[in-house]
Amino acid sequence: MAMTIIVEPTRAVTGGVDTHLDVHVAAVLDEIGGLLATEAFEANQGGEHRLVRWLGSFGPLARVGVEGTGSYGAGLARLLAASGVDVVEVDRPNRQVRRRQGKTDTLDAIEAARAAQSGRAAGRAKSRDGNVEAIRVLVVARRSARTTKTKSLNQIRHLGFTAPNPLRERLSGLTAARLAVEAASMRPRAGTDAVTFATKTSLRILGRRVLAIDAELVELDTLLSALVTATAPRLLELHGVGIHTAALLLVTAGDNPQRLRSEASWAHLCGVSPIQASSGKVTRHRLNRGGDRQANHALWRIALTRMSSDPRTRVYVERRTADGKSKAEIMRILKRYIAREVFALLPRN
C-alpha cells in the first residue's frame, strides 16, 4: 500500500526593525503573529546584510516594517527592496502599547513587525535610489545655503546700523546684493580704532560668506534644473510650476510614486485633503494640518501664482468670492485641485 506524505509548505514570516545610528534591532513573527526571535545588528553595511539574511532564515518574507526609512533606516530599506522584499514604512510605536509595556528597542521592533503584519502600517517606503533622491540631497543643501545667506545679510545690515558713522553711511540704502559686495570689499587696517577695525573685519567676513553662498546656489540650481527637467518634464509644463516647486513635489512623491495608491492618498500626503470631524448629527470637515509641509507650501506657491497670473483661476476666484468664500478657503480648494493635476504628471517607472 502506497504511503502519502504531506509536506507542509514553508510559511511566510513578517519582520520588523527599529533603526538607530549604531545598532538596528530586528524581530520576526510567524504568519499568525507569534514572536519567533529578536536580534541586534550593527548599523553598517555588513550588519545590514547579516540582518537581511537572518530575517530570511525563518522563511519567505511577506514584508518588513522598518521604522525610520527616511533617516537611520534608509540604507537598510534600500537593501531590503533590492532583495525583493516589500518594505513598509512604520511610524513611531503605538502610544497605548508603549504606555502599557514601556519602551525598549526590542519592543519597538516587535511593534513595527505587528504594524506591518496587521496592515496598520501599509505605506510603502521610498526607494531612494534614483534622480529624486539626488534632487532631495541638493534641495537640502540649497535650503541650508539660502538660510545661511539670509542670516548673514541680516547680520551685515545690523552691524551697519551700529557701526561708526562713516561705515554706517557707506552701507546705508544699499540693496541686499550690493550690500554683500560692499561688505566684502572692506579693508580693515591695523592701527585704526578697535571698533572700526573689528567692524570692518566682521563685515568683510560676512560679505565674502554671502558671495561664496551665491556661487554655491548657482551650482546647485544648475544641477537641480538638469535633474528636474530630465525626471519630470511634463510637470514643469503646468502653470505656476518652476524648478524649485517641482523639486519639492518630486521629493515628497519619491523615486517610486507608484507606491501612492490613489490621487486621494497623494492629496492626503500633501496635507490638502479635508479631514472628517463629524460627531452626532453634525457633519463637517476640518483643515488637514498634517502631511508633508514642504509639498503643501509648494502647492500654496502654485495657487498664489495662478491667482495673480492665470485668467482661468482669476475667474474661478471671483466666482467663489461672490459665493461668500474667504481667500483662505479658496486657496485650500485650489491646492486640492492642483494636487490632482500634479498627481497625473508624476513620473512612473
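This is a predicted model: local features need pLDDT of at least 70, side-chain atom pairs count only at pLDDT 80 or more; totals for chains, interfaces and linings use all residues.
How many of the seven residues of β2 are buried? Six of them are, so β2 is largely enclosed by the rest of the structure; buried here means under 20% relative accessible area, exposed means over 50%, and partly exposed is in between, with a 1.4 Å probe and protein chains only.

Residues are numbered from 1 along each chain as its sequence is written, and side-chain values use heavy atoms, with hydrogens and water left out.

Let's start with the sheet. It is an open sheet of five strands in the order β3-β2-β1-β4-β5, with mixed pairing. The names come from DSSP runs numbered from the N terminus: helices are H or I with at least four residues, strands are E with at least two. Two strands pair if DSSP finds at least two bridges between them. At the edges sit β3 (35–42) and β5 (87–90), each pairing on one side only. From one strand to the next, the twist averages 20°; axes are lines fitted to C-alpha atoms, for helices over the stretch in contact, and angles run from 0 to 180 degrees between N-to-C directions.

Now back to β2, residues 23–29. Strand β1 (residues 13–18) runs antiparallel to β2, and five bridges join them. L29 has L35 as its bridge partner in β3, while V23 is partnered by E42. This hairpin has five residues between its strands, and G33 in the turn has a positive phi of about 90°.

Two helices lie across the sheet. Helix α1 (residues 45–56) lies across β1, β2, β3 and β4 (61–67), at about 170° to β3. Helix α2 (residues 74–82) lies across β1, β2, β4 and β5, at about 155° to β5.

Next, a loop residue. R124 is in the loop between α4 (105–118) and α5, and is partly exposed, with a relative accessible area of 38%. R124 and E89 are 35 residues apart in sequence, yet 5.7 Å apart in space, C-alpha to C-alpha. Leaving aside neighbours within four places in sequence, R124 is in contact (heavy atoms within 4.5 Å) with D86, V87, E89, N256, Q258 and R259.

Finally, a helix pair. Helix α5 (residues 131–162) and helix α8 (residues 194–231) pack at about 155°, with axes 9 Å apart. They are therefore roughly antiparallel: under 35 degrees counts as roughly parallel, over 145 as roughly antiparallel, 65 to 115 as roughly perpendicular, and the rest as oblique.
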